[in-house]
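Reader: I would like to learn how to read a model of this kind feature by feature, with the general idea set out before the particular case. Could you take me through it in that way?

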Amino acid sequence: MAALQQLTIIVPCYNEQEVLPESSKELLAVVRQLIDAHLIAATSRLLFVDDGSHDRTWSIIQDLEATDPIYTGIKFSRNCGHQNALMAGMTIAYPVSDMIITIDADLQDDVQAIPKMVQQHLAGFDVVYGVRSSRDTDTFFKRDTALAFYNLMRHLGVDMVPNHADYRLLSKRALGALLSFRERNMFLRGIVPLVGYPATKVYYARKPRYAGTSKYPLKKMLAFALDGITSFSIIPIRMILNLGILSVVGAIIVIVYSLIQNFRGNVIPGWTSLMTSIWFISGVQLIAISIIGEYIGKIFTEVKHRPRYIIQEDDFTSKVGQSKSL
Ligand code: UDP
Ligand code: MG
């Protein structure tokens with residue numbers, strides 16, 4: 001029988017003292033159940049990432065660690081953000097884990113989807129997306145803005161899974177590929193689909209927050225959306241070019257129009273030259289900015305140091321062997 005796989009469940013926590021006592025209990029029950037059913041290794045762990053909380057979150061995590069070896073935690077020196085908390089957890093878990101699951105601390109993501117995700121992974125999938133089958137419990141505003149954001153991202157050419165947040169399972173090789181994306185600003189929902197490998201979805205009903213308040217106020221949500229757009233797309237830069245071209249075309253029309261008016265003697269002195277130069281110069285300026293923008297766009301894609309490819313099977317190395325020196 002093949003050895004059982006180690007699972008680490010990564011839980012980012014920012015000021016979650018109200019929910020941790022309950023969510024830790026529910027998560028532990030699920031992990032225990034999977035271990036007892038011999039579906040995952042007994043060395044499987046829960047990893048709480050305290051993202052610089054100001055409340056009792058860290059002392060709760062430490063108390064949990066004292067009660068059961070399944071509980072583990074790391075603490076940031078300050079608030080570094082949800083995505084960075086996930087990255088830290090995944091980086092630390094990678095060497096020892098055969099699969100990881102990331103889940104919010106507030107029980108909005110149904111923990112009962114975890115066994116389904118593990119089963120899908122054992123059936124051969126590397127990436128299992130948790131997808132909300134209903135968003136009834138979210139406010140109108142949150143639902144509509146989220147939908148608008150998915151649509152915008154799709155138009156910008158980013159392949160995101162609709163209604164999927166950061167509740168997902170990754171196999172070891174998918175996680176390894178994800179960690180080879182070297183950009184500082186990891187917008188995980190956009191990057192995970194770029195990893196490739198067999199992927200599937202598990203549906204769950206999104207519940208209301210168990211307790212406490214959302215740690216994503218409007219300001220953080222907007223910053224997150226802007227991050228997503230600017231770390232994936234240079235289309236906004238290209239829009240400057242379109243604007244410039246439009247402006248130059250407008251300039252030509254204005255030039256013709258004002259010249260005609262000028263010849264007819266219908267204008268006060270200076271109007272023609274003023275109008276034509278304003279339109280023309282601003283069009284030229286916008287085109288010039290967009291050219292600079294194109295180069296900045298290139299720098300932007302280069303500095304990310306994204307992997308050029310991710311290999312799924314390699315029959316060459318397995319047959320010919322690893323070359324000693326490159
Ligand atoms: N979170 C975090 N750092 C932050 C903000 C949020 O680690 O700066 C965590 C938070 O503790 C929770 C998850 O990210 O586990 C999702 O946050 P929240 O539930 O507040 O967001 P919402 O569900 O309202 O979008
Ligand atoms: Mg939440």
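Author: What follows is a conversation about domains, a helix, a core, a ligand shell and some single residues.

Author: This is a predicted model, in which local features need pLDDT of at least 70 and side-chain atom pairs count only at pLDDT 80 or more, while totals for chains, interfaces and linings use all residues. Residues are numbered from 1 along each chain as its sequence is written, and chains are lettered from A and ligands numbered from 1 in the order in which they are written.

Reader: Into which domains is the chain divided?

Author: Domain bounds come from an automatic or database domain assignment. Here the chain is divided into domain 1, residues 7–215, and domain 2, residues 234–304, and the C-alpha centres of domain 1 and domain 2 are 48 Å apart.

Reader: How should I read a helix, and which residues of α2 are buried?

Author: An α-helix has 3.6 residues a turn, so residues three or four places apart point the same way. Helices (H or I, at least four residues) and strands (E, at least two) are DSSP runs, numbered from the N terminus. A residue is called buried if 20 or more other C-beta atoms lie within 10 Å of its own, exposed if 12 or fewer do, and partly exposed in between, with C-beta atoms placed from the backbone. In α2, residues 57–67, the buried residues are T57, I60, I61 and L64. They lie on the same side of α2 because they cover an arc of only 100 degrees around the axis, the arc being that of the directions from the helix axis to the C-beta atoms. The face of α2 turned away from this buried side carries the exposed residues S59 and A66.

Reader: What covers the buried residues of α2?

Author: The cover includes β1, α1 (20–36), β2 (45–50) and β3 (71–75), where contact means that the C-beta atoms of two residues, placed from the backbone, lie within 7 Å.

Reader: Which residues touch the most other members of the largest nonpolar core?

Author: A nonpolar core is a set of buried Ala, Val, Leu, Ile, Met, Phe, Trp, Tyr and Cys residues joined through C-beta atoms within 7 Å. The largest such core has 55 residues, of which I9, I10, V11 and L46 touch the most other members. If neighbours within four places in sequence are left aside, L46 is in contact with I9, V11, L27, L28, V31, I70, Y71 and T72.

Reader: Which residues come nearest to ligand 1?

Author: A residue is near a molecule or strand if its C-beta atom, placed from the backbone, lies within 6 Å of it. Of the 16 residues around ligand 1, those that come nearest are P12, Y14, A105, S214 and K215, and the elements that give two or more residues to this shell are β1 (7–13) and α3 (82–93). By class, the shell has six nonpolar, five polar and five charged residues; Ala, Val, Leu, Ile, Met, Phe, Trp, Tyr, Cys and Pro count as nonpolar, Asp, Glu, Lys and Arg as charged, and the others, Gly among them, as polar.

Reader: How do I read the backbone angle phi, and where does L107 lie?

Author: Most residues other than glycine have a negative phi, and most peptide bonds are trans. L107, although not a glycine, has a positive phi of about 65 degrees, and L107 lies in the loop between β4 (99–102) and α4 (113–122). Y197 also has a positive phi, near 65 degrees, and is placed in the loop between α7 (188–195) and β7 (199–205).

Reader: Why does L107 count as partly exposed?

Author: L107 counts as partly exposed because it has 18 C-beta neighbours inside 10 Å, and Y197 is likewise partly exposed, with 14 such neighbours.

Reader: Is F232 buried or exposed?

Author: F232, in the loop between α8 (218–230) and α9 (235–263), counts as buried because it has 21 C-beta neighbours inside 10 Å. Not counting residues up to four places away in sequence, F232 touches L156, V158, F187 and G190.

Reader: Where does T102 lie, and which residues does T102 touch?

Author: T102 lies in strand β4 and is buried, with 26 C-beta neighbours inside 10 Å. Leaving out residues up to four places away in sequence, T102 touches I10, L86, D166, Y167 and R168.
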